[in-house]
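Please look through the sequence and the model below before reading on.

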Amino acid sequence: LFGAGWVHASENQGPYTLSTLLGKALKRSEWIAVFGHRVEESRFGALQAGAWQNPEASFAGGRKRGQPEKGPLWEVSLTQSVYFPGKQQLRREIGMLGTETARVRLQEAELSVSHDVVRLAYQYAILQKKKAILEERQKRFELIQSFLAGHLFSSPQHKAERNIVETVLKNLTTDALQTERAL
């Protein structure tokens, strides 16, 4: 079972290895995908932080109110942001630090999902083994119960032993049902 690295899936799919389960969980996790997109967003933001801004141009036209006889008024403007020396490089470095922070958060999310998958896989394997052990014990006590039912015991000690076996069998059946429900 799991000690050999296998977790049983349904009969259609066959057994899963722990690495297969981890790969599927990491690939399908929307939580990890969000962190991956945040890394990309931060990386592109860092690239933009260090880039020169595009120049801005504007054009306006009209007439003066006070002196309409002088003709139309035209205005053209062109502006370009000029950074203080060294500021552009600092903005880029701050953006790259934000990208590294986002990557660390992505790794943290991957580790959290991996931890949950491993914990749940081990829990599943333990419950499978517990179920098998309980079923085996249940079979043994059913054999003892059938033996006791086939013989007449008149002494109080034998009656008490039979009651104990029946009680243990009921408890084992209850435990087996609870374990199966937990799976």
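Arg119 forms a salt bridge with Asp116, and the closest N and O atoms of this pair lie 3.7 Å apart, a separation that counts because the cut-off for a salt bridge is 4 Å. The model in which this pair is found is a predicted one. Both residues belong to helix H3, where they stand 3 residues apart and are therefore separated by about one helical turn. Arg119 has a relative accessible area of 43% and is partly exposed, and Asp116, with a relative accessible area of 32%, is partly exposed as well. Side chains of opposite charge can pair when their charged atoms come close.

How many salt bridges does a search of the whole structure find? The search finds 3 of them, and another involves Arg103 and Glu100, whose side chains meet with an N to O distance of 2.6 Å. Arg103 and Glu100 are again placed in helix H3, 3 residues apart, so that about one helical turn separates them. Arg103 has a relative accessibility of 34% and therefore counts as partly exposed, while Glu100, at 41% relative accessibility, also counts as partly exposed.

In helix H2, which covers residues 30-49, Arg43 and Glu40 are 3 residues apart and thus separated by about one helical turn. Their side chains meet in a salt bridge, with 3.0 Å from N to O. At 28% relative accessibility Arg43 counts as partly exposed, and Glu40 falls into the partly exposed class at 34%.

From these pairs we turn to how helices pack. Two packed helices are described by the angle between their axes and the distance between the axes. For helix H1, residues 18-28, and helix H3, residues 87-150, the angle is about 135 degrees and the axes are 10 Å apart. Angles over 145 degrees would count as roughly antiparallel and those from 65 to 115 as roughly perpendicular, so H1 and H3 are oblique to each other. The crossing in which H1 passes H3 is right-handed.

Which residues meet where H1 and H3 are in contact? From H1 come Leu18, Leu21, Leu22, Ala25 and Leu26, and from H3 come Glu110, Val113, Ser114, Val117, Val118 and Ala121. Sorted by class, the residues in this contact comprise 9 nonpolar, 1 polar and 1 charged.

Technical notes
Residues are numbered from 1 along each chain as its sequence is written. This is a predicted model: local features need pLDDT of at least 70, side-chain atom pairs count only at pLDDT 80 or more; totals for chains, interfaces and linings use all residues. Side-chain values use heavy atoms; hydrogens and water are left out. Axes are lines fitted to C-alpha atoms, for helices over the stretch in contact, and angles run from 0 to 180 degrees between N-to-C directions. Helices (H or I, at least four residues) and strands (E, at least two) are DSSP runs, numbered from the N terminus. Angles under 35 degrees count as roughly parallel, over 145 as roughly antiparallel, 65 to 115 as roughly perpendicular and the rest as oblique. A crossing is left-handed if the near helix is turned anticlockwise from the far one by less than a right angle, and right-handed if clockwise. Contact means heavy atoms within 4.5 Å. Ala, Val, Leu, Ile, Met, Phe, Trp, Tyr, Cys and Pro count as nonpolar, Asp, Glu, Lys and Arg as charged, and the others, Gly among them, as polar. Buried means under 20% relative accessible area, exposed over 50%, partly exposed in between (1.4 Å probe, protein chains only).
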